[in-house]
Amino acid sequence: MTKEQYLDLLRYYFRHAKAEDMQEIISDYEEHFRSGYEQNLTDEAIIQALGEPKQIYEAYLSEGIITEKKGLLKGDLKEDIKDMLDKAQEEFHTTMKPQLPHYWQEASKAVFITSGTLSYALAALCWFITLILTYLLSIQWQPLADVAPLPAVSLVTIGAFFLTGVGAGLTCLFIGQECFKQYKAKKVKEVLG
Amino acid sequence: MKTQLKKGVIELLVLGLLTQKNHYGYEIVDTISDYVEMSEGSIYPLLKRLQKDTLVETYWEESISGPPRKYYRITSTGKANYREMLLEWQNFSSAVNRFLEGVNHHD
């Protein structure tokens, strides 16, 4: 744990205290860290000697310096929920928070690989539909005897339709390629550290 | 050791230390933790309570190395309390020692 994480935890435990009380308490511990640094102590050593932030909070409570704000919940249930929240918060500060950039990287990689794959699929779909529709238009397809056939269109129209479809497919393909490039770049960066 | 007893003893030590000289927080923590095993962080709430009970008062003093430091000075009420507590402690500890010596002689 670093000094900042430790002070963050203190701020969390004292979140219901009066602002000026919390200010004073935090500044006392900041001064303690400064004095510790002058003795060439590390964050770890200072924190080890200070003890758990929760214990410190409880010491202030038992000395009657701060009073706990009364909530709606009472008794054991309240204590249980509070303990659970305290634990989650502590875990967030000590384990999750330092890893956040990592999670962020994972998330963006997932976004790139998903959108890349989707783009490729969309490109394939575009071309497939274009080919089929172009063919059906050219033979003036009539699905059933009592349904009107596709209208007769000029060769130029069919050609334009075909090219538009191919162009749309190409666009999707390029988007997909860009996504995969980004994904690979992130992976390489990760491997290189 | 039971924390309640320890808390009382640490209070006695803090007041005793301040009867000799004014100190800033870290000095108090550092000196006392050399003698008594404890969570150093629990000294600050104690100091805050002593201040609230007007046994000690605080003032700021410039330091050579950085921002000003909060110093603690014992008040006259604090000195009177200290003398009383010291006497209580001496009576208590000598009684305990006498008792334990008696127990050990029977071994």
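Glu61(B) has its bridge partner, Arg69(B), in strand E3 of chain B. Helices (H or I, at least four residues) and strands (E, at least two) are DSSP runs here, numbered from the N terminus. Two strands count as paired if DSSP finds at least two bridges between them. By that rule, strand E2 (residues 56–61) of chain B pairs with E3(B) in the antiparallel sense, over six bridges. E3(B), residues 69–74, also pairs with strand E1 (residues 23–24) of chain B, again antiparallel, over two bridges. Tyr24(B) finds its bridge partner in E3(B) at Tyr71(B).

A word on what you are looking at: this is a predicted model, in which local features need pLDDT of at least 70 and side-chain atom pairs count only at pLDDT 80 or more, while totals for chains, interfaces and linings use all residues. Residues are numbered from 1 along each chain as its sequence is written, and chains are lettered from A and ligands numbered from 1 in the order in which they are written.

Let's step back to the whole of chain B. Chain B has four helices and three strands, and from the N terminus on they run α-β-α-α-β-β-α. Of its 107 residues, 21% are buried. Buried means that 20 or more other C-beta atoms lie within 10 Å of a residue's own; exposed means 12 or fewer, and partly exposed is in between, with C-beta atoms placed from the backbone. Two residues are in contact if their C-beta atoms, placed from the backbone, lie within 7 Å. Among contacts in chain B between residues at least 6 apart in sequence, 45% join residues at least 24 apart.

Next, the interior. A nonpolar core is a set of buried Ala, Val, Leu, Ile, Met, Phe, Trp, Tyr and Cys residues joined through C-beta atoms within 7 Å. The largest such core has 16 residues, and Val14(B), Leu18(B), Leu47(B), Val56(B) and Tyr72(B) have the most contacts inside it. Helix H1 (3–20), helix H2 (25–35), helix H3 (43–52) and E3 of chain B each give two or more residues to this core. Leaving aside residues up to four places away in sequence, Leu18(B) touches His23(B), Val56(B), Tyr72(B), Arg73(B) and Ile74(B). A second, separate core of 15 residues includes Leu9(A), Ile25(A), Leu50(A) and Ile56(A).

Gln51(B) sits in helix H3 of chain B. Gln51(B) is partly exposed, because 17 other C-beta atoms lie within 10 Å. Beyond residues up to four places away in sequence, Gln51(B) touches Val56(B), Glu57(B) and Thr58(B).

Now over to chain A. In helix H3 of chain A, Ile46(A), Ile47(A) and Leu50(A) are buried. Seen down the axis of H3(A), the buried residues fall within an arc of 95 degrees (taken from the directions from the helix axis to the C-beta atoms), so they line one face of the helix. An α-helix has 3.6 residues a turn, so residues three or four places apart point the same way. On the other side of H3(A), Glu44(A) and Ala45(A) are exposed. Helix H1 (3–13) and H2 of chain A are among what covers the buried residues of H3(A).

Finally, the two chains meet: 16 residues of chain A are in contact with 17 residues of chain B. On the chain A side, helix H2 (19–38), helix H3 (43–50) and helix H4 (53–62) each supply at least two residues, and H2(A) gives the most, with six.
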